Amino acid sequence: MDTEEQEQPAEITLTTCPGTTPCTPLSKNQLKKQRKLAEMVEMRKLRRQKEREKRKEKKAQAKALGLPSSVGPSRKELKRRQVTVSSQNAEDSVNVAIDLNYDDLMQERDIAKCVKQCLRIYTINRRSEQPLHLHFTGIKRDGHIHESFKKNDGWENWNVQYHFDRTHTEIFQKQKVTYLTCESDTVLEKPQPGHTYVIGGLVDHNHFKGLCHQRATTDGLSTARLPLSEHVDMKTRSVLSTFHVFELLTRVAAGQDWTEAILETIPQRKGAKAKDSKETKTLKEQPESSEEQEQQGDNVKDQAMPES
Ligand SMILES: C[S@@+](CC[C@H](N)C(=O)[O-])C[C@H]1O[C@@H](n2cnc3c(N)ncnc32)[C@H](O)[C@@H]1O
């Protein structure tokens, strides 16, 4: 062996470098998960891009026809509403708390659906002429719900009060709290300013029937059900999804009567018919969805993030 060859240092690689342990290769499952996640992010980007293009196209079409470019309230108006509700104190407005203290009871996909419903609730409130004081309570810090929120750009800036590791019983005076549950014997009348209405943020495919009611009574809270059967006849059960309950409260708090609010909010599939009317009076044309989908909020439109 000549000396030149002897002096040549051995090539150092990750596996031969002293003090380095070779990294364990990812399992097939982990690789699959990584691939799926990357695909999802890519799909979301494309979707957002398409939405932006569609909006631009619509604006251009409206402009060409000499029509106003948007039908909804302007950003300025939405901001004004937000500022108004933020400056009101809790005594002057109706408060709603979405109870997100069910983190450990939901599967991953239901956590995502639950957070999607929260986004929908935020949008409904933002667009309402009279927004309510909105709280998201009982979020476990770094828990599943929190992690799912983090996937939504700008979620921290939504005009909502987030409460981490604190539930509604620790935030509000018990005497001024009503937990809404369909099992309650009390019927809700008009939501009252200064009072807090709690809605369960639970997507459970009805596995935990009566759980919210049970927790509320254990906590010594008053409960109330929505006056659905008092105003409409329905073909199906009266358990609504969290965001439909919120929309109903918003409408009624803003002065709409229950019958109209119910017919405009709950899906056609439920076959709601006003008590005093012979014909099926459904005011809002909505796409059909199964009861299961409806209750779990599967029909919540996947929408672009609202600007905060
Ligand atoms: C999909 S439901 C949750 C069902 C769950 N199994 C339970 O124990 O209530 C979501 C929430 O909407 C509210 N809710 C649904 N239907 C209601 C009704 N008819 N009256 C009052 N609240 C209702 C409740 O706060 C409930 O926790």
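**Close-up views of a predicted model**

**View 1. Cys114 and Cys118.** A search of the whole structure returns zero disulfides. Cys114 is accordingly in no disulfide, and the nearest cysteine sulfur, in Cys118, is 4.8 Å away. A disulfide requires a pair of cysteine sulfur atoms within 2.5 Å. With a relative accessibility of 3%, Cys114 counts as buried.

**View 2. The largest nonpolar core.** This core has 59 residues. Those touching the most other members are Ile98, Leu100, Phe136, Ile145, Phe149, Trp158 and Tyr162. Helix α4, residues 108-127, supplies the largest share of the core, eight residues.

View 3. Strand β2 spans residues 133-139 and contains His135. Is His135 buried or exposed? His135 is buried, since its relative accessible area is 6%. Apart from neighbours within four places in sequence, the residues in contact with His135 are Asn95, Val96, Ala97, Ile98, Val160, Gln161, His163 and Phe172. One of these, Ile98, is also among the residues that touch the most other members of the largest nonpolar core.

**View 4. A nonpolar surface patch at Met40.** Leu37, Met40 and Val41 form a nonpolar patch on the surface. Together the three residues have about 270 Å² of accessible area. Met40 is found in helix α2, which covers residues 28-64. The relative accessibility of Met40 is 44%, so Met40 counts as partly exposed.

**View 5. The whole chain, for orientation.** The secondary structure of the chain consists of 11 helices and eight strands. The chain has 308 residues, and 40% of them are buried. Its accessible surface comes to about 18800 Å², with 50% of that area belonging to carbon and sulfur atoms. Of the contacts between residues at least 6 apart in sequence, 74% join residues at least 24 apart.

Terms used:
Residues are numbered from 1 along each chain as its sequence is written. This is a predicted model: local features need pLDDT of at least 70, side-chain atom pairs count only at pLDDT 80 or more; totals for chains, interfaces and linings use all residues. Side-chain values use heavy atoms; hydrogens and water are left out. Helices (H or I, at least four residues) and strands (E, at least two) are DSSP runs, numbered from the N terminus. Buried means under 20% relative accessible area, exposed over 50%, partly exposed in between (1.4 Å probe, protein chains only). Contact means heavy atoms within 4.5 Å. Accessible areas come from the Shrake-Rupley method with a 1.4 Å probe; for residues, only the protein chains shown count as cover. Patches are made of residues with over 30% relative accessible area and no salt bridge: like charges are joined within 9 Å, nonpolar side chains (Val, Leu, Ile, Met, Phe, Trp, Tyr) within 5 Å. A salt bridge is a side-chain nitrogen of Lys or Arg within 4 Å of a carboxyl oxygen of Asp or Glu. A nonpolar core is a set of buried Ala, Val, Leu, Ile, Met, Phe, Trp, Tyr and Cys residues joined through side-chain atoms within 4.5 Å.
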